[in-house]
Amino acid sequence: MRKIQTQGVHHITLVGADRQTTIDFWEGVLGMPFIFDQPNLDDPDEGHLYFDPGDGRLITIFTNETRKPDPARTSTEVGAVHHVAFNVSQASFWQAAKRLDARGIRHSGPKDRGFMDSIYFNDPLGLTIELASYRFEPPEGVRHAEVMIEAHRIRVERGDHHIDREHLADAIELIVHRGQQSLSTDRSAKNPF
């Protein structure tokens, strides 16, 4: 059987409350530019708002003026969305708790995830949002996922519980070693002295 090969997330659509609550949270709190809206083409009673999460992809929200914010936690039953995570820089990450506090938004505080830092809080309808920040930058031309798979292999080989900074550093070193040549390791180069 042949695969249907995906090439990234196109968009994620969430069910939101009213239009203004949606704009206030997604653009006002998370800084995602509100780039366009139109009716929900499957339900004329709903709006469909589009936001750019920072990578040119889309987060879209179905809105309805009869729906109001409800901070009760959304379902985490089997088949439900547990949380949605957004990438932020380390500079932004370490400002997040203070900025959420200033808005009166309860949060988890920073969490050590080994290969990244995370902070969790809920949107106006109780969906958990994670701000995640990698603790590493991949080498030029390499994606985060490539570093992660190498770090995973190193972790498993060593019998460690989870990926941590040492695994990342060793994975980056391995990737750089594989991808770059060096005269000091080139056996065909003649020493002129």
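Let's start with a pair of residues: D112 has D117 in β7 as its bridge partner. Keep in mind that this is a predicted model, where local features need pLDDT of at least 70, side-chain atom pairs count only at pLDDT 80 or more, and totals for chains, interfaces and linings use all residues. Residues are numbered from 1 along each chain as its sequence is written, and side-chain values use heavy atoms, with hydrogens and water left out.

Strand β6 covers residues 111-112 and pairs with β7 in the antiparallel sense, over two bridges. (Two strands pair if DSSP finds at least two bridges between them; strands are DSSP runs of E with at least two residues, helices are runs of H or I with at least four, and both are numbered from the N terminus.) Three residues sit between β6 and β7 in their hairpin, and G114 in the turn has a positive phi of about 80°.

On to the next partner: β7 also pairs with strand β8 (residues 128-134), again antiparallel, over seven bridges. Here Y120 stands opposite E130 in β8. The hairpin of β7 and β8 has five residues between the strands, and G126 takes a positive phi near 90° there. As for β7 itself (residues 116-122), six of its seven residues are buried, where buried means under 20% relative accessible area, exposed means over 50%, and partly exposed is in between (1.4 Å probe, protein chains only).

How many salt bridges does a search of the whole structure find? There are eight, each being a side-chain nitrogen of Lys or Arg within 4 Å of a carboxyl oxygen of Asp or Glu. One of them joins R135 and D112, at 3.1 Å from N to O. That pair links distant parts of the chain, 23 residues apart: R135 is in the loop between β8 and α3 (144-158), and D112 is in strand β6.

D112 counts as exposed, at 53% relative accessibility. Along with D117 and R135, D112 belongs to a network of salt bridges.

## Salt bridges in the helices

Because they are three residues apart in α3, about one helical turn separates them. Buried or exposed, what is E150? E150 is buried, with a relative accessible area of 7%, while R153 is partly exposed at 45%.

R158 and D170 make another salt bridge, with their closest N and O atoms 2.6 Å apart. This one links helix α3, which holds R158, to helix α4 (residues 165-179), which holds D170, twelve residues apart. R158 is partly exposed at 38%, and D170 is partly exposed at 23%.
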